Amino acid sequence: MIKPILLSLLFWTASLVLLANERSISTEIQESDPIKIEMVTNFGTLIVQLYDETPLHRDNFVRLVKEGTYDSLQFHRIIQNFMVQAGDIRSKNATLTDTLGGSDLGYRIPAEIHPHLFHKKGALGAARTNNPERASSSTQFYIVQGRVQNDSLLQHNENRINQFLASHFATNDPDNKPLLDSLAAARKEKNEELVKTLSAQWNELTKTYSRFDRYTIPDSHREVYKALGGTPHLDQSYTVFGEVISGLEVIDALAGVETNRQDRPVVEVRILSMKILPK
């Protein structure tokens, strides 16, 4: 039989262990709280939450925010009902007529593409060149505005997603390297006739390429696209590493400005500052 004094001691010890566990759990929850960033623009303020599932992009973005890299940069590319793009480091001191879009910090971030992260309205995505690895720009990003979808549009976009995936996997298939090498050589030699012939062969190959798992837009994503909107054709081709959790109306304001034929705003659209919000 356990004596009362021993029982009290055991209860006291158990209480300390439980309290310690609760503190540990609380600490873990606090440590895993998503990072939030305030982005102040001359059209309003956005609060962006970064995803822990994309740590390379998250940590790079946080470092750039801390260093003030984005302060005073322009949104240099805006397409209404699609997205707004910023992060060209030359845009800080550029005029409204300067050509922008080709500058960053000279390194790339490996792709972090996940099936459950998608291009709903407010999604924060990493811009990139058309590189086979789908690696992201070091600084350039976009925020999705998009448009509300219906079943027909979603089916069309699902087909586009799989076309992009077919091209990606075909490009990285060693069996197709001889054709791509020949096409690259023809372009270097400026042999226009050969480039035309090989390009036609490549386009036909990618249309029928099937050595990959076809993508189906999940029902949960479909419901969001039909209610909130977005740009589903970008899914599985670009890294989504965060989302706007406050200020969706600011996206509409940014996307609504007048632009020229190169999608450059004809008025100044600028990030005034960014900062990491306390947890």
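Trainee: In what order do the eight strands of the open sheet come?

Mentor: This is a predicted model. In it, the eight strands run in the order 3-4-8-6-9-2-1-10, and the pairing is antiparallel.

Trainee: Which strands stand at the edges?

Mentor: Strand 3, residues 75–79, and strand 10, residues 271–276. Each has a single partner strand, so one side of each has no neighbour in the sheet.

Trainee: And by how much are neighbouring strands turned against each other?

Mentor: By 25° on average, if direction is ignored.

Trainee: Are the residues on the two faces of strand 6 buried or exposed?

Mentor: Buried, on both faces. A123 and G125 are on one side, while L124 and A126 are on the other.

Trainee: New topic: L64. Where is its place?

Mentor: L64 sits in helix 2. Its relative accessible area is 0%, so L64 counts as buried.

Trainee: What is L64 in contact with, leaving aside neighbours within four places in sequence?

Mentor: T69, Y70, L105, Y107, S138 and T139. As for T139, it is 75 residues from L64 along the chain, yet their C-alpha atoms are separated by 7.9 Å.

Trainee: Where is Q74, then?

Mentor: Q74 is in the loop between helix 2 and strand 3.

Trainee: Why does Q74 count as buried?

Mentor: Because its relative accessibility is 2%, and the cut-off for buried is under 20%.

Trainee: What does the side chain of Q74 have as polar partners?

Mentor: A polar atom of the Q74 side chain lies 2.9 Å from the backbone oxygen of A94. The side chains of Q74 and R264 are joined by a polar contact of 3.4 Å. Beyond four places in sequence, the contacts of Q74 include Q85, A86, G87, S91, L96, V269 and R270.

Trainee: Last one, helices 4 and 5. At what angle do they pack?

Mentor: Helix 4, residues 177–188, and helix 5, residues 192–208, pack at about 150°, and their axes are 9 Å apart.

Trainee: Are they roughly parallel or roughly antiparallel?

Mentor: Roughly antiparallel, because the cut-off for that word is an angle over 145 degrees. The crossing of helix 4 and helix 5 is left-handed.

Trainee: Which residues make the contact?

Mentor: From helix 4, L179, L180, S182, L183, A186 and R187. From helix 5, L194, V195, L198, S199, Q201, W202 and L205.

Note on methods
Residues are numbered from 1 along each chain as its sequence is written. This is a predicted model: local features need pLDDT of at least 70, side-chain atom pairs count only at pLDDT 80 or more; totals for chains, interfaces and linings use all residues. Side-chain values use heavy atoms; hydrogens and water are left out. Two strands pair if DSSP finds at least two bridges between them. Helices (H or I, at least four residues) and strands (E, at least two) are DSSP runs, numbered from the N terminus. Axes are lines fitted to C-alpha atoms, for helices over the stretch in contact, and angles run from 0 to 180 degrees between N-to-C directions. Buried means under 20% relative accessible area, exposed over 50%, partly exposed in between (1.4 Å probe, protein chains only). A polar contact is a pair of N or O atoms within 3.5 Å; within protein, one must be able to donate a hydrogen and the other to accept it, and residues adjacent in sequence count only if both atoms are side-chain atoms. Contact means heavy atoms within 4.5 Å. Angles under 35 degrees count as roughly parallel, over 145 as roughly antiparallel, 65 to 115 as roughly perpendicular and the rest as oblique. A crossing is left-handed if the near helix is turned anticlockwise from the far one by less than a right angle, and right-handed if clockwise.
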